[in-house]
Amino acid sequence: MAKWIVTSAWPYSSNVPHLGNLIGSVLSADMFARYLRMNNHSVIFVSGSDEHGTPVEIEAVKRGVRVKEYADANHRKIADLFKQWNISYDNYTRTESPIHIKFTQEHYMKIYAKGLVFQEEEKIHYCPRDNRFLPDRFVEGTCPNCGAQGARGDQCDTCGKPLDAVKLINARCAICNGPTEIRSVKQWYFDLPKLSDPLRKYVENNNRLSENALRFSLSWIEEGLKPRSLTRDTSWGIPAPFPGAEDKTIYVWMEAVLGYVSATIEHFASRNEMERWKEFWLNDSTETAFFIGKDNIPFHTIIFTGLLLASGEGYVLPGVISSTEFLQFEGKKFSKSRGIGIWIDEALELLHEDYWRYTLLSLRPETGDVNFSYDLLEEKVNVELNDKIGNFIHRTLSATQRFLGGVIKEKPVLGSQAKEILSSMEKRHMEIASNYESIKLQRAVRLTLEQAEEGNRYLNLTEPWKTYESSLQAVTESLYTSLRIVKALAVELYPVIPKSAAKAWSFVDDSPVENVKWADGASGLKFPIRVSRFKPLFSKISKEDIIRRIEEMRRQG
């Protein structure tokens, strides 16, 4: 049994996440954390709301409300939505947490004491109309690298490159849309170039980075690491602890990543185990897994790792960094302003969360951008969940009830065909586990579907509805074998669609689903087997109905 820290990228609390945000980090991390727990690992699964980002401040300004008031309300809403999506966080916290603020300030003072923080004049955008200095995300313009319009001052979403806001072309204030001026102010910097060698060694020796994370990180190092600005001229954020920086706050990108540590500290503090977080973060044997979108790669592989190394405290460094490509919506980029996409609060009003969980995880964009469409949603629910997985389980239970009175008293003698199908099922069960271990989650879902497909083929081949009058042994053998596959499916689906899997488990075993282990998927059944009450797990949907309902929801505001 190993210790694992599992994390998902912190969503901005400026708005409710959309389906692309969800699959890019949160849902993938939850699937993996659930799998680890089923294998008896000690797992801490953490994340939180990124509240100090300028998008939060911009939205509050636009709405004419206090930033703290806006952040509080959105954090509560997002945290509640994740519970409704059945995300199994041990701690979902926020960057406004007193523990996070204290940890961030203390961590930076350790780095400051080691000579890795320095002061320098910085050119920064200033809005004469709003009479304020503008953090990077308050500035928009044309990307100097790829020419894309609407690039933000910190990063271009089109080419993915981090930006120097001063180099934006035709820069404008994101609040009033007026032109900006460039002024000089004193800022504090993290001397990242001094860590180039240990960071290169870390990246080159970490064989658990996803391919795009490895490629992107090495490219950053090859281009030459540059000092990273630590402070901003804004009142919304964590007060900078450096002498002389009393009117500054810590730049959000340089403090939110430290939340992975502070969230773990907070988790154990809530249990009055004040020092236990060190068993995870200050332990070389701890395994870590970070689930992020590809636009977050350098902030985890380079900046977060650099901050951990700079402290000299012996933190375990990021191990697995699984960075997904982007999920598009009907061939377009998600956009709240243009009404393109589905947001996670809307999704729950349309369908049960397990329908969305299955669809998104089966489409997880691991090797390239993936296009979500209403046609695909309908296919995933109607064909895969309902017709294949749900139908196989229901056929098996119905036949057991009809032809055997719902009872199998003891294990039947198995012929070569049954033994072969069970051997195939057990091998596939191990293959699914192997795909979890290598973070090929989309493939793990596909293989789980194949268990049901093979179960359906086996039922069609053995035809218990034809043999029940002539051979009780043949019917019992067929349905016992099928029930074994139902049990395997219940186990394999638990990390993917936990509520539906829990129902499937209750059909074949009376033990609490919370105690289910991965190995149970390849084990036998407890006798006597009793099948009594059951209902279909899934029902079909209509894409036309989904589109109509979402249009109605948006018209009603």
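**Exercise 1. Which helix gives the largest share of the lining of the largest cavity?**

Before we start: this is a predicted model, where local features need pLDDT of at least 70, side-chain atom pairs count only at pLDDT 80 or more, and totals for chains, interfaces and linings use all residues. Residues are numbered from 1 along each chain as its sequence is written, and side-chain values use heavy atoms, with hydrogens and water left out.

Step 1. Get the term clear: on a 1 Å grid over the protein atoms alone, a cavity is a set of points where a 1.4 Å probe fits but cannot get out, and lining residues have an atom within 4 Å of a point. Points are joined across faces, edges and corners, and a volume is the space filled by probe spheres set on them.

Step 2. Find the cavity. The count comes to one cavity of 30 Å³ or more. The largest cavity has a volume of about 120 Å³. Its lining has 18 residues, and the closest to the centre are His 52, Thr 54, Pro 135, Tyr 251 and Val 252.

Step 3. Look at the elements, which are DSSP runs numbered from the N terminus: helices (H or I, at least four residues) and strands (E, at least two). Both α2 (54-63) and β12 (249-250) supply at least two lining residues. The largest share, three residues, comes from α2.

**Exercise 2. Describe the second largest pocket and its lining.**

Step 1. A pocket is an open set of points with protein on both sides within 12 Å along at least five of seven lines.

Step 2. At least two lining residues come from each of β4 (117-127), α6 (211-223) and β10 (228-229). With seven residues, β4 gives the most.

Step 3. Sort the lining by class, with Ala, Val, Leu, Ile, Met, Phe, Trp, Tyr, Cys and Pro as nonpolar, Asp, Glu, Lys and Arg as charged, and the others, Gly among them, as polar. You get 16 nonpolar, five polar and 13 charged residues.

**Exercise 3. Work out how α11 and α12 are arranged, then do α13 and α16.**

Step 1. Axes are lines fitted to C-alpha atoms, for helices over the stretch in contact (heavy atoms within 4.5 Å), and angles run from 0 to 180 degrees between N-to-C directions. Under 35 degrees is roughly parallel, over 145 roughly antiparallel, 65 to 115 roughly perpendicular and the rest oblique.

Step 2. Helices α11 (353-362) and α12 (374-404) pack at about 105°, with axes 10 Å apart. So α11 and α12 are roughly perpendicular to each other. Among the residues that meet are Trp 356 in α11 and Leu 385 in α12.

Step 3. The axes of α13 and α16 (472-493) cross at roughly 5° and come within 10 Å, so these two helices are roughly parallel. The residues in this contact divide into ten nonpolar, two polar and four charged.

**Exercise 4. Ile 439 and Glu 463: is each one buried or partly exposed?**

Step 1. Buried means under 20% relative accessible area, exposed over 50%, and partly exposed in between (1.4 Å probe, protein chains only).

Step 2. Ile 439 lies in the loop between α13 (416-437) and α14 (441-462), with a positive phi near 55°. Its relative accessible area is 11%, so Ile 439 is buried.

Step 3. Glu 463 sits in the loop between α14 and α15 (464-467), and its phi is near 45°. At 26% relative accessibility, Glu 463 is partly exposed.
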